[in-house]
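Take a look at the sequence and the model below. This report goes through a few of the contacts inside the protein and around its ligand.

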Amino acid sequence: MKTRVLMVCLGNICRSPLAEGILKSKVDSSKVFVDSAGTGSWHIGSEPDSRSIATAKRYDLDITDQRGRQFSKKDFEDFDFIFTMDNSNFKDVMSLAETDEDRQKVHLILEEIFPSENVDVPDPYHGGEQGFENVYQMLNEACEIIAEKLEKGTL
Ligand code: 4NP
């Protein structure tokens, strides 16, 4: 059975598609399934934001086949680990959890780098290109740690 990891942000067009693409590039796809979703519904069916696509491309990642979808309660059944990009996404996902088992699956992604500091991956949607590069760097570091833990079975 593959381990299943879900990346969650608000729109599922900027941060979580990058997180999905980055983690996929660091894990064995025969052992780990990675997906992403947004808590909001605005971008269902949309391609990632062009700035996320361009940022991924600079690092040789192709995320153009991703399409936006909305997080749903069923994702608690379908995934083992749910990483949210910020505290607002964390609260929104937690509000849909029904059991302790559901709640234990949800983590703030930058806790992997800065434990217990509650740091957000900033939403780059209304900013410039530099915001996307910043998001990439944070997610790359976090996903490196997540991939190592998945490999060792310590996530
Ligand atoms: P994301 O960024 O949550 O990183 O995908 C956003 C994209 C779109 C919107 C908000 C955040 N929006 O309000 O449409």
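## Ser 36 and its partners

The side chains of Ser 36 and Glu 20 are joined by a polar contact of 2.7 Å. Asn 12 is another partner: a polar contact of 2.9 Å links its side chain with that of Ser 36. Keep in mind that this is a predicted model.

Where does Ser 36 sit? Its place is in strand β2. Ser 36 has 2% relative accessibility, so it counts as buried. The cut-off for buried is under 20%. Ser 36 also touches a list of residues beyond four places away in sequence. Among them are Leu 6, Met 7, Ser 16 and Pro 17. Gln 66 and Arg 69 are on that list too.

## The ligand site

A polar backbone atom of Leu 10 is 2.9 Å from an oxygen atom of the ligand. For Asn 12, a polar backbone atom is 3.2 Å from a ligand oxygen. For Ile 13, a backbone N or O atom lies 3.0 Å from an oxygen atom of the ligand. On its own, the ligand has 360 Å² of accessible area, and the protein covers 90% of that.

## The nonpolar cores

How many residues does the largest nonpolar core have? The number is 29. Val 5, Met 7, Leu 23, Met 85, Ile 109 and Leu 139 have the most contacts inside this core. Several elements give two or more residues to it: β1 (3–9), α1 (15–26), β2 (32–38), α2 (50–58), β3 (81–84) and α6 (129–152). Which gives the most? That is α6, with eight residues.

Leu 23 shows the packing in detail. Leaving out residues up to four places away in sequence, Leu 23 touches Val 5, Met 7 and Val 34, among others. Its contacts also include Cys 143, Ile 146, Ala 147 and Leu 150. Another core, of ten residues, lies apart from the largest one. Its members include Leu 6, Phe 71, Ile 82 and Ala 97.

Definitions and conventions: Residues numbered from 1 in each chain as written. Predicted model: local features only at pLDDT ≥ 70, side-chain atom pairs only at ≥ 80, totals over all residues. Heavy atoms only, no water. Core = buried A, V, L, I, M, F, W, Y, C linked by side-chain atoms within 4.5 Å. Buried < 20%, exposed > 50% of the residue type's maximum accessible area, 1.4 Å probe, protein only. Helix = DSSP H or I, 4+ residues; strand = E, 2+ residues; numbered from the N terminus. Contact = heavy atoms within 4.5 Å. Polar contact = N/O pair within 3.5 Å; in protein donor to acceptor, adjacent residues only side chain to side chain. Areas by Shrake-Rupley, 256 points an atom, 1.4 Å probe, with all protein chains shown as cover.
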